[in-house]
Amino acid sequence: MEKNRKKVVLPLFIAGIMVFSIFGVIIDSLSNTPPPTQKISYKGYEFIYDGQLWSTVKEKTRIEFLFNPNEIETVYTASLIEKIAAHKKVYITMSQKEQLVQEKERLRQIIAGIMKIPVVNACPQDEEGCENLPLKSCSDALVNEVLIIKIEQGTNNMIQEEGSCIGLIGNAEYITKITEKIRLERLL
């Protein structure tokens with residue numbers, strides 16, 4: 001009798017573990033439901049937020065943004081977008097000591113891709129890491145020819161303009177928002 005009891009207990013124990021495992025998976029999947037999508041309207045386009053990106057469709061092409069378009073709209077860019085469009089070449093200059101390398105590169109790619117003008121990385125002064133980059137400062141700017149964009153990390157987000165030279169000073173999020181504003185203005 002004891003032997004028969006052992007034969008029944010082990011299979012029941014294994015079956016119980018399997019049943020409780022299934023319940024655990026079901027309960028876990030219910031608790032990890034994605035957040036509901038958010039929808040807004042911006043300039044006649046419907047934007048949907050999927051929990052990570054805001055997206056819309058223009059001419060059958062999906063366009064994604066990192067921030068809510070209404071939030072991007074409020075980012076002050078002075079005359080940056082107009083000046084980029086008015087120049088034939090742009091230099092983006094930044095010290096190699098700055099911690100904004102990804103933001104600078106994304107800005108360079110967006111300007112070159114959307115505005116269809118040459119955009120060159122540069123350094124403001126001769127320093128380590130600048131051996132193969134041109135040295136550019138505001139004195140190299142030429143109205144309607146060469147635009148110099150200086151990027152500096154700072155605690156106060158701001159734009160400084162001096163003719164065809166523009167300084168973008170701020171943190172990574174601010175520089176990214178400026179880049180997103182350029183995209184928003186040019187793509188929609």
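This short talk goes through the sheet, the helices packed on it and the nonpolar cores of the model above.

Please keep in mind that this is a predicted model, in which local features need pLDDT of at least 70 and side-chain atom pairs count only at pLDDT 80 or more, while totals for chains, interfaces and linings use all residues. Residues are numbered from 1 along each chain as its sequence is written, and side-chain values use heavy atoms, with hydrogens and water left out.

Let me start with the open sheet, whose five strands follow the order β6-β5-β7-β9-β8 with mixed pairing; strands are DSSP runs of E of at least two residues, helices runs of H or I of at least four, numbered from the N terminus, and two strands pair if DSSP finds at least two bridges between them. At the edges are β6 (119-122) and β8 (158-162), each pairing on one side only. Inside the sheet, β5 (residues 89-93) and β7 (residues 146-153) run parallel over five bridges, and Val90 has Leu147 as its bridge partner in β7.

Turning to the helices, α4 (residues 101-115) lies across β5, β6, β7 and β9 (165-170), at about 160° to β6, where angles run from 0 to 180 degrees between N-to-C directions of lines fitted to C-alpha atoms, for helices over the stretch in contact, and contact means heavy atoms within 4.5 Å. Helix α5 (residues 172-187) also packs on the sheet, where it touches β7, β8 and β9.

Which residues have the most contacts inside the largest nonpolar core? They are Ile84, Ile111, Ile149, Ile151, Leu168 and Ile182, in a core of 24 residues; such a core is a set of buried (under 20% relative accessible area, 1.4 Å probe, protein chains only) Ala, Val, Leu, Ile, Met, Phe, Trp, Tyr and Cys residues joined through side-chain atoms within 4.5 Å.

Key. Buried means under 20% relative accessible area, exposed over 50%, partly exposed in between (1.4 Å probe, protein chains only).
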